[in-house]
Amino acid sequence: MKKRLLSLCLIVVLILGITAIPDNTFVTNSTTVSAATFGQKQALKKAKSYLRVMALSKRGLMNQLEYEGFSYKECKYGAKHCKANWKKQAAKKAKSYLKVMAFSKSSLYDQLIYEGFTKSQARYGVKKAYK
């Protein structure tokens, strides 16, 4: 009876393709997905709140989260899962700079790079800000 029940459970697991493993981890059809820790969820929440009020690069956001006391792993999770469009963030940041002071295209680009945007994001930001 026990063997039959164990076999039945194994079949159900194989059919559903989901097995719970300790430490908030699940295996789904050979793909491992970790559930977010409480700290990661808090970092994500904080990341989204920052991006609602200011434009930040991914690196800038991670630095800000780290300053707030989140661990590197929590910061990385927050920045990765906040669903930010980093090119749009660069454009928003570039436009905010041009509202308060004059910049040449090259100095605006350099400022965006300094803020942590990638070259591609900085180019996009300058292009959109100068329209």
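**The whole chain**

Display the entire protein as a cartoon, bearing in mind that this is a predicted model. The protein contains 7 helices and 3 strands.

Now switch to a surface display. The accessible surface of the protein amounts to about 9400 Å², and carbon and sulfur atoms contribute 59% of that area. Of the 131 residues in the protein, 31% are buried.

**Helices α3 and α4**

Select residues 58-67, which form helix α3, together with residues 72-81, which form helix α4. How do the axes of these two helices cross? They come within 9 Å and cross at roughly 140°. An angle over 145 degrees would count as roughly antiparallel and one of 65 to 115 as roughly perpendicular, so α3 is oblique to α4. The crossing of α3 and α4 is right-handed.

Show the side chains at this crossing. From α3, the contact involves K58, L61, M62, L65 and E66; from α4, it involves Y72, C75, K76, A79 and K80. Sorted by class, the contact of α3 with α4 comprises 6 nonpolar and 4 charged residues, with no polar ones.

Remain on α3 and select G60, L61, M62 and L65, which are the buried residues of this helix. The elements that cover them include α2 (38-53), α4 and α5 (86-100). Three of these residues, L61, M62 and L65, also belong to the contact with α4.

Next, select G69, which follows α3. The phi angle of G69 is positive, near 105°.

Move to K83, in the loop between α4 and α5. Its phi is near 60°, a positive value in a residue other than glycine. Is K83 buried or exposed? The relative accessibility of K83 is 77%, and therefore K83 counts as exposed.

Continue to Q89, which lies in helix α5. Q89 has a relative accessibility of 10%, so this residue counts as buried. Which residues does Q89 contact, leaving aside its neighbours within four places in sequence? They are L51, M54, A55, L56 and F117. To inspect one of these pairs, select Q89 and F117: they are 28 residues apart in sequence, while their C-alpha atoms are 8.9 Å apart in space.

**Helices α6 and α7**

Finally, select residues 105-114 (helix α6) and residues 119-129 (helix α7). The axes of α6 and α7 come within 9 Å and cross at roughly 135°; the two helices are therefore oblique to each other. Their crossing is right-handed.

Display the side chains on both sides of the contact. K105, L108, Y109, L112 and I113 of α6 meet K119, A122, R123, G125, V126 and A129 of α7. The residues of this contact divide into 7 nonpolar, 1 polar and 3 charged.

Conventions:
Residues numbered from 1 in each chain as written. Predicted model: local features only at pLDDT ≥ 70, side-chain atom pairs only at ≥ 80, totals over all residues. Heavy atoms only, no water. Axes fitted to C-alpha atoms, helices over the stretch in contact; angles between N-to-C directions. Helix = DSSP H or I, 4+ residues; strand = E, 2+ residues; numbered from the N terminus. Parallel < 35°, antiparallel > 145°, perpendicular 65-115°, else oblique. Left-handed = near helix turned anticlockwise from the far one by under 90°. Contact = heavy atoms within 4.5 Å. Nonpolar A, V, L, I, M, F, W, Y, C, P; charged D, E, K, R; others polar. Buried < 20%, exposed > 50% of the residue type's maximum accessible area, 1.4 Å probe, protein only. Areas by Shrake-Rupley, 256 points an atom, 1.4 Å probe, with all protein chains shown as cover.
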